[in-house]
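Please keep the sequence and the three-dimensional view at hand while reading.

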Amino acid sequence: MTGKKIERGLNERLDSMGREIVRASAANEMEADRVTASPFLYTRLRSRINTEREGRKERENWLALVGVIWRAVPAMALVMIFAFVFFLSVSLSTRPAANFSDEALLDARDAEVEQMVFADNQSLSSDDVLGTILNEDEREASR
Amino acid sequence: MDEMADNSDPVVREALVPPSVELSDTELVTRARAGDEEAFEELFNRHRRRVALISSRFFRQPEQIEEVVQESFTKAYFALSDFSNQQEASFAAWIARIAYNACYDELRRSKRRPESALGEVSEDEAAWLKTSLTTGESDMEAAAIARDLAGKLLARLSAEDRLVLVMLDVEGMSVAEIAKLLGWSASKVKVRAHRARASLRRVLNRFL
């Protein structure tokens with residue numbers, strides 16, 4: 001009980017001293033008056049306001065640029081997606097023409113093209129040829 | 001004809017009144033918002049001492065006091081459109097709120113700067129403090145070393161602790177007033193004040 005009273009008394013004394021210290025530290029009016037009496041205080045303030053204004057303008061420009069990028073990036077992505085989808089759809093629809101090469105178009109025939117041409121020419125089977133010859137013989141014989 | 005039409009606008013009409021005529025703070029704010037630099041200068045001249053006094057509660061160096069004055073009025077300049085006479089009691093209260101917040105920011109900044117530390121308490125100061133604490137004599141004002149010592153002791157507290165203690169013990173503000181000014185809750189102010197006193201007691205107890 002006595003210990004608590006002593007502690008409380010000590011705390012009160014420390015608090016009281018603490019208040020005095022805070023007040024002593026804050027008693028600084030002369031410095032405040034000296035600062036406000038400075039003849040160029042407002043000039044320095046104006047200069048600071050102008051600097052801040054320029055800084056704000058610069059920040060606004062940057063923000064505007066970021067805003068443009070913010071809108072442009074999704075738009076460009078969308079355009080790219082559309083372009084890719086269009087490319088896919090076009091390439092799928094023109095697949096049958098894939099055998100038609102540039103070389104064939106430019107008349108740069110290679111062995112395969114020749115072969116294909118020959119294959120078209122030799123499309124008659126040997127039976128057909130034989131049948132044609134026999135028909136010719138029969139026709140001559142009937143004359 | 002056009003001029004007459006322009007003058008019908010209350011803002012323009014107000015702006016046409018010469019600055020030499022005594023205008024209220026609210027009228028000056030309206031004119032400053034419209035781009036009248038002289039009106040803002042008049043507001044600055046009216047309230048600079050109050051802002052400097054608030055700053056001097058926390059800082060000893062003239063450079064720091066001026067820094068807070070400039071910071072406060074720069075913030076006020078760009079926030080003039082936010083000033084509403086209905087919400088704030090007056091322009092004086094509004095600029096005071098900005099000044100306290102600027103002090104708080106500067107206190108936090110100076111805490112982070114190691115070169116701003118005021119140094120250790122000297123042996124003489126410690127002996128003087130011990131005598132004051134044991135005898136209970138509180139002649140801090142009379143002592144030549146009191147202010148330096150007070151600055152060194154308070155530099156050991158956090159920015160929030162120091163802010164609350166000055167507002168309570170020097171400005172004599174109530175918890176509700178501090179809460180409104182700083183935008184804190186009343187319970188936060190009470191808790192902070194309790195902790196601040198405990199911190200200061202711990203600091204002083206070392207010299208007993």
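Two residues are said to be in contact if their C-beta atoms, placed from the backbone, lie within 7 Å. In that sense, A:Asn11, A:Leu14, A:Asp15, A:Met17 and A:Gly18 of helix H1(A) meet B:Arg197, B:Leu200, B:Arg201, B:Leu204 and B:Asn205 of helix H11(B). The structure is a predicted model, with an ipTM of 0.72 and a pTM of 0.66.

**Confidence in chain B**

- The mean pLDDT of chain B is 80, and 76% of the residues of chain B reach 70 or more.
- Within chain B, confidence is highest in helix H5 (residues 62-78), at a mean of 94, and lowest in helix H1 (residues 2-7), at a mean of 44.
- Over residues 1-7 of chain B, pLDDT stays under 50, and the model has 4 contacts beyond four places in sequence for this stretch.

**Overall build of chain B**

- Chain B contains 11 helices and 0 strands.
- Read from the N terminus, the order of elements in chain B is α-α-α-α-α-α-α-α-α-α-α.
- Chain B has 208 residues, of which 32% count as buried.
- Among the contacts in chain B with a separation of 6 or more, 59% involve residues 24 or more positions apart.

**Where the two chains meet**

- In chain A, 29 residues are in contact with 40 residues of chain B.
- On the side of chain A that touches chain B, the elements that give two or more residues are helix H1 (2-26), helix H2 (29-36) and helix H3 (41-93) of chain A.
- Helix H1(A) gives the most to this side, with 15 residues.
- By class, the residues on this side of chain A comprise 12 nonpolar, 6 polar and 11 charged.

**Helix H1(A) against helix H11(B)**

- Which residues does helix H11 of chain B cover, and at what angle does it pack with H1(A)? Helix H11(B) covers residues 186-205, and the two helices pack at an angle of about 100 degrees, with their axes 9 Å apart.
- Angles of 65 to 115 degrees count as roughly perpendicular, and H1(A) and H11(B) are therefore roughly perpendicular to each other.
- The contact of H1(A) with H11(B) is made up of 4 nonpolar, 3 polar and 3 charged residues.

**Helix H6(B) against helix H9(B)**

- Within chain B, helix H6 (residues 91-112) and helix H9 (residues 159-170) pack at an angle of about 140 degrees, and their axes are 9 Å apart.
- The helices H6(B) and H9(B) are therefore oblique to each other, and their crossing is right-handed.
- From H6(B), the residues B:Cys103, B:Tyr104, B:Leu107, B:Arg108 and B:Lys111 meet B:Ala159, B:Arg162 and B:Leu163 from H9(B).
- The contact of H6(B) with H9(B) has 5 nonpolar and 3 charged residues, and no polar ones.

**A loop residue, B:Ser24**

- B:Ser24 is located in the loop between helix H2 (10-16) and helix H3 (25-33) of chain B.
- In sequence, B:Ser24 and B:Leu43 are 19 residues apart, while in space they are 9.5 Å apart, C-alpha to C-alpha.

Methods: Residues are numbered from 1 along each chain as its sequence is written. Chains are lettered from A and ligands numbered from 1 in the order in which they are written. This is a predicted model: local features need pLDDT of at least 70, side-chain atom pairs count only at pLDDT 80 or more; totals for chains, interfaces and linings use all residues. Axes are lines fitted to C-alpha atoms, for helices over the stretch in contact, and angles run from 0 to 180 degrees between N-to-C directions. Helices (H or I, at least four residues) and strands (E, at least two) are DSSP runs, numbered from the N terminus. Angles under 35 degrees count as roughly parallel, over 145 as roughly antiparallel, 65 to 115 as roughly perpendicular and the rest as oblique. A crossing is left-handed if the near helix is turned anticlockwise from the far one by less than a right angle, and right-handed if clockwise. Ala, Val, Leu, Ile, Met, Phe, Trp, Tyr, Cys and Pro count as nonpolar, Asp, Glu, Lys and Arg as charged, and the others, Gly among them, as polar. A residue is buried if 20 or more other C-beta atoms lie within 10 Å of its own, exposed if 12 or fewer, and partly exposed in between; C-beta atoms are placed from the backbone. pLDDT is the predictor's confidence in each residue, from 0 to 100.
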